[in-house]
Amino acid sequence: MSLQKNFCIAPFIQLQISNNGRTGPCPYTANVWNLSKHKTIKEKWNSTELEDFRSEFLSNKQNPVCKRCWRDEESGKLSLRQRLNNFGIKNNNDSRAINLKKNVFQRYISQASYKKYPKILTLIPGNECNLSCVTCGPSFSSKWNSELKKFSKNNIIDTKKNWNLSDEEYKDIVENSQYLQKIELFGGEPFYNKKNRQLLIEKIIDKGTSKNINLYFNTNGTHYDETYMSFLAKNFKKIEIRVSVDGINEQFEYLRYGAKYKNVIENCKKFNQLEKTDFEIICTISPYNFLYLEEYDNEFKKYGWSVFYNLTSYPSRMMLFNIPDIVKKDIKLPIKFKDIENYINNKNYDPICWQEFVDYTKLIDKNRALDMSKIFPKFYELVKNHGF
């Protein structure tokens with residue numbers, strides 16, 4: 001067998017899980033299936049849904065579940081699928097190493113070796129969080145739920161029930177941790193979730209399997225515990241830290257509401273200096289901040305940090321292409337970010353989603369005593385005649 005043009009490695013090595021059976025093949029397709037009828041991770045991994053999904057990739061089809069990657073690729077942006085298909089080799093030009101791993105992986109699939117258990121578990125274990133970020137919401141932030149109780153009545157955003165993985169789900173992971181090469185912890189805020197520490201991380205260390213596992217945190221960077229981080233670095237094969245920094249100064253504090261920019265930057269410096277740690281900034285690009293990317297990039301360069309520019313994918317009001325079409329002709333981004341400009345122009349806007357964005361922004365500013373027009377003046381000037 002040979003791996004086709006539209007092939008993706010993810011569903012053969014990785015599984016994303018959340019509560020109540022919500023499952024997906026990777027972080028970009030989180031919670032696309034309800035597999036609650038399958039009680040264990042291994043049952044979910046070998047489910048009909050996932051096997052059918054794999055078959056589509058082996059047949060060179062573009063599954064619509066993966067629209068986020070297909071959209072990225074159409075605009076010239078390197079997608080998660082393409083990055084994963086490099087088989088962990090950072091040098092894209094090392095074709096010999098990539099082909100060697102590709103041949104090994106082809107045998108791995110043809111022999112159905114992948115069916116034993118996923119190598120990577122991506123966990124969205126709960127919505128416990130200390131921030132209420134503008135591009136997030138109550139499904140993934142308990143802080144949002146607390147704040148919404150004080151918000152004026154609206155039909156845009158409402159409270160959700162706070163949630164977490166069950167003790168049994170954590171136990172399932174620990175009991176099968178000998179098969180894992182990597183655990184990815186998203187949120188909520190993974191350092192704020194006590195169950196992650198007590199029922200997962202400490203249990204895996206006690207079992208003795210942590211030495212063979214890379215532990216990944218997608219964090220807001222507000223919390224740094226030097227003793228705990230040293231403990232993790234000592235007990236796991238490698239620690240990967242991805243800190244969400246979506247802007248600088250007051251723009252950051254508008255988007256990552258509840259965080260202080262200087263505090264997060266100081267924590268980033270500490271994360272970056274840890275032994276056995278791979279550190280990177282994740283800058284999520286939304287309608288608010290896309291006109292400031294060059295400024296952010298120059299700021300990050302001063303620290304010598306690797307940065308990945310991530311595009312908002314949910315909810316629809318935050319999608320970049322839902323900026324009114326009439327203003328798109330005035331958007332001229334630097335060469336480095338031409339793929340973002342292409343992405344904005346690759347699809348016509350949805351006026352309903354745009355109006356929801358306008359109403360949501362006004363709601364945020366009213367209840368938080370903020371002013372988007374003063375914090376993001378370039379963006380405001382671009383769209384001020386379209387609802388603002």
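Here is a short tour of a predicted model, stop by stop, with something to select at each one.

**Stop 1: helices H8 and H9**

The crossing of H8 with H9 is right-handed. To see who touches whom, show side chains for Asp-167, Tyr-170, Ile-173, Val-174 and Glu-175 on H8, and for Lys-195, Asn-196, Leu-199, Leu-200, Lys-203, Ile-204 and Lys-207 on H9. Colour these residues by type and you will find six nonpolar, one polar and five charged.

**Stop 2: from H9 to H10**

On the H9 side, pick Arg-197, Ile-201 and Ile-205; on the H10 side, pick Tyr-228, Phe-231, Leu-232 and Asn-235. The residues of this contact divide into five nonpolar, one polar and one charged.

**Stop 3: the nonpolar core**

Now turn to the largest nonpolar core, which has 112 residues. Which residues have the most contacts inside this core? Select Tyr-288, Phe-290 and Phe-376 to see them. Next, highlight helix H16, residues 351-368: this helix gives the core its largest share, six residues. As background, nonpolar side chains tend to be buried together in soluble globular proteins.

Zoom in on Phe-376 and display its surroundings. Setting aside neighbours within four places in sequence, Phe-376 is in contact with Gln-251, Tyr-254, Leu-255, Tyr-288, Asn-289, Tyr-292 and Tyr-296.

**Stop 4: Asn-127**

For the last stop, go to the loop between strand E4 (120-123) and helix H7 (142-148), where you will find Asn-127. Is Asn-127 buried or exposed? With a relative accessible area of 1%, Asn-127 is buried; the cut-off for buried is under 20%. Show what surrounds this residue: not counting residues up to four places away in sequence, Asn-127 touches Pro-138, Ser-139, Phe-140, Ser-141, Ser-142, Asn-145, Lys-161, Asn-162, Trp-163 and Gly-188. Finally, draw a distance line between the C-alpha atoms of Asn-127 and Asp-206: they are separated by 26 Å, with the two residues 79 apart along the chain.

Conventions. Residues numbered from 1 in each chain as written. Predicted model: local features only at pLDDT ≥ 70, side-chain atom pairs only at ≥ 80, totals over all residues. Heavy atoms only, no water. Contact = heavy atoms within 4.5 Å. Helix = DSSP H or I, 4+ residues; strand = E, 2+ residues; numbered from the N terminus. Nonpolar A, V, L, I, M, F, W, Y, C, P; charged D, E, K, R; others polar. Core = buried A, V, L, I, M, F, W, Y, C linked by side-chain atoms within 4.5 Å. Buried < 20%, exposed > 50% of the residue type's maximum accessible area, 1.4 Å probe, protein only. Left-handed = near helix turned anticlockwise from the far one by under 90°.
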